[in-house]
Amino acid sequence: MLDRSAVGRTTPPTLNEVERGAIRRFAEALGDYNPIYFDGEYARASGFSNVAAPPSFPISFASGSDLRELVGVPSRSLLLGEVSFEYERPIVAGDRLLVTSRVAEIADRTGPAGRVEVAVIEDEGRDEEGHLVFRARRSYVVRATRES
Amino acid sequence: MPPRKLYFENLRIGDELPAMAKAPIDRVQLARYAAATNDYNPLNIDELQAKAIGMPSVVAPSTLGLGFLGQLVTDWARGGQVRRASARFTRMLWPGDTLVCKGRVSDRWGEGGRYFVELDVWAENQKGELVVRGTVALKVFYSFEDETRFRTGQPPLIVNVPRESLLHAPPAPAPAPSSTASKPPKGKPAASKKPAKKATRSAPKKKAAPKKPAKPKKTGARKPAKSSKRKK
């Protein structure tokens with residue numbers, strides 16, 4: 001059961017330093033060897049200010065554990081149904097981003113498998129001057145399992 | 001070697017991205033992805049725990065499929081920057097699944113010297129089932145000249161291009177817009193300088209539902225430009 005009173009709950013800004021090594025490991029885990037993720041010079045020639053982060057990299061900013069604090073159930077009980085990102089500019093190595101997550105919505109929806117509980121989390125990352133760098137939106141449904 | 005670029009002027013709605021086949025997902029990849037995302041959900045990495053709750057094996061995080069779509073787009077975009085990406089996950093991903101990622105240009109527009117391309121992207125598993133589908137908006141330069149201007153600090157090239165998808169909207173009852181743009185009649189006041197706003201502007205954006213292309217395009221089929229050989 002999701003915590004209905006969680007809507008509006010917001011995490012304090014957490015500093016995420018975007019490290020080159022973290023970008024490299026993320027790209028390698030995907031099996032994506034585009035040089036813009038590995039080679040600063042190539043990335044700059046491609047129009048990025050430094051080694052770029054893959055488009056889905058902000059996933060690594062939100063650790064699964066804060067979901068329990070946010071909506072009252074552990075991440076293993078949640079199934080990600082939809083996700084979206086909006087970027088004001090590309091995220092690059094060396095960025096220092098302050099990331100907050102907020103519970104935007106908790107609701108019941110009727111899907112093909114009957115009634116399901118849905119939680120929507122919105123994240124936002126700003127640089128240290130307070131400029132918006134990205135926004136993300138994650139929609140979860142509570143996983144139906146045989147877990148007691 | 002300077003990267004080859006993707007420019008707005010060369011793109012059209014319906015252009016297909018070369019399909020990208022990924023290697024089968026395996027448990028080592030899941031372990032690496034867990035580390036890279038700092039998300040150690042046991043259902044993704046601990047076979048015993050996954051089975052204990054009735055799953056056949058560990059399951060891959062759905063965002064892995066999104067990462068693959070990111071690769072598809074970034075490979076193709078060659079310097080184009082992702083401004084927006086969204087995805088809906090329609091099926092679980094399992095170790096052993098082999099995904100093929102596909103995409104198609106669904107829209108393009110330019111205003112105020114900024115140019116955007118929108119793509120429909122999706123991935124299918126080895127059974128041909130859709131596992132994830134989404135849209136991506138990229139910011140690109142209009143042309144090589146536009147990019148050169150940017151790099152030398154000059155104002156951008158301004159070409160106003162209405163959302164191209166609107167041009168393909170079903171025929172409006174109004175008479176078709178006459179194409180007098182190139183030569184305005186002499187007697188007209190100068191007010192007609194602005195490109196006529198398309199009447200369909202307020203119509204809801206029609207998404208061309210990505211009807212599945214019948215056949216995946218061969219990947220890596222990029223032919224080297226044939227230089228017409230002329231023997232001296």
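Mentor: Gladly. Among contacts in chain B between residues at least 6 apart in sequence, 72% join residues at least 24 apart. Keep in mind that this is a predicted model.

Trainee: What makes two residues count as a contact in that percentage?

Mentor: The two C-beta atoms, placed from the backbone, have to lie within 7 Å. With that cut-off, 72% of the chain B contacts between residues at least 6 apart join residues at least 24 apart. The elements of chain B are 6 helices and 5 strands, in the order β-α-α-α-α-β-β-β-β-α-α from the N terminus. Of its 232 residues, 31% count as buried.

Trainee: How confident is the predictor about chain A, on average and across its elements?

Mentor: The mean pLDDT of chain A is 89, and 94% of the residues score at least 70. Where pLDDT is low, the predicted coordinates should not be read in detail.

Trainee: Why is Gly96(B) called partly exposed?

Mentor: Count the C-beta neighbours. A buried residue needs 20 or more within 10 Å, and an exposed one has 12 or fewer. Gly96(B) has 13 inside 10 Å, so it counts as partly exposed. Gly96(B) sits in the loop between S2 and strand S3 (100-111) of chain B. Beyond its neighbours within four places in sequence, Gly96(B) is in contact with Pro24(B) and Ile25(B).

Trainee: How far from Gly96(B) is Gly112(B), in sequence and in space?

Mentor: They are 16 residues apart in sequence and 47 Å apart in space, C-alpha to C-alpha.

Trainee: Which residues other than glycine have a positive phi, and what makes them partly exposed?

Mentor: Two examples are in chain B. Asn38(B) has a positive phi of about 55 degrees although it is not a glycine, and its place is in the loop between H1 and helix H2 (42-45) of chain B. Because Asn38(B) has 14 C-beta neighbours inside 10 Å, it counts as partly exposed. Arg78(B), also not a glycine, has a positive phi of about 40 degrees and lies in the loop between H4 and S2 of chain B. With 16 C-beta neighbours inside 10 Å, Arg78(B) therefore counts as partly exposed.

Trainee: How do you know that the buried residues of H1(A) are on the same side?

Mentor: Start with the list: Ile23(A), Phe26(A), Ala27(A), Ala29(A) and Leu30(A) are buried in H1(A). They cover an arc of only 160 degrees around the axis, so they are on the same side of H1(A). An α-helix has 3.6 residues a turn, so residues three or four places apart point the same way. The buried residues of H1(A) pack against helix H1 (27-37) and helix H4 (62-77) of chain B. Just after H1(A), Gly31(A) takes a positive phi of about 75 degrees.

Trainee: What makes Ile23(A) stand out in the largest nonpolar core?

Mentor: That core has 75 residues, and Ile23(A) is among those with the most contacts inside it, together with Leu69(B), Cys101(B) and Ala123(B). H4(B) gives the most to this core, with 7 residues. Not counting residues up to four places away in sequence, Ile23(A) touches Val18(A), Tyr37(A), Val51(A), Ala53(A), Phe57(A) and Ala93(A).

Trainee: How do you know that S2(A) and S2(B) are paired strands?

Mentor: Pairing needs at least two bridges. S2(A) and strand S2 (residues 81-89) of chain B have 5, in the antiparallel sense, so by that cut-off they pair. Glu86(A) stands opposite Arg84(B), and Glu82(A) stands opposite Arg88(B). S2(B) also pairs with strand S5 (residues 130-140) of chain B, antiparallel over 8 bridges, with Ser86(B) opposite Thr135(B).

Trainee: What does each chain bring to the contact, and which element of chain A gives the largest share?

Mentor: Chain A brings 33 residues and chain B 36. On the side of chain A that touches chain B, the largest share is the 8 residues from S2(A). The residues of that side divide into 13 nonpolar, 12 polar and 8 charged.

Methods. Residues are numbered from 1 along each chain as its sequence is written. Chains are lettered from A and ligands numbered from 1 in the order in which they are written. This is a predicted model: local features need pLDDT of at least 70, side-chain atom pairs count only at pLDDT 80 or more; totals for chains, interfaces and linings use all residues. Helices (H or I, at least four residues) and strands (E, at least two) are DSSP runs, numbered from the N terminus. Ala, Val, Leu, Ile, Met, Phe, Trp, Tyr, Cys and Pro count as nonpolar, Asp, Glu, Lys and Arg as charged, and the others, Gly among them, as polar. pLDDT is the predictor's confidence in each residue, from 0 to 100. The arc is that of the directions from the helix axis to the C-beta atoms. A nonpolar core is a set of buried Ala, Val, Leu, Ile, Met, Phe, Trp, Tyr and Cys residues joined through C-beta atoms within 7 Å.
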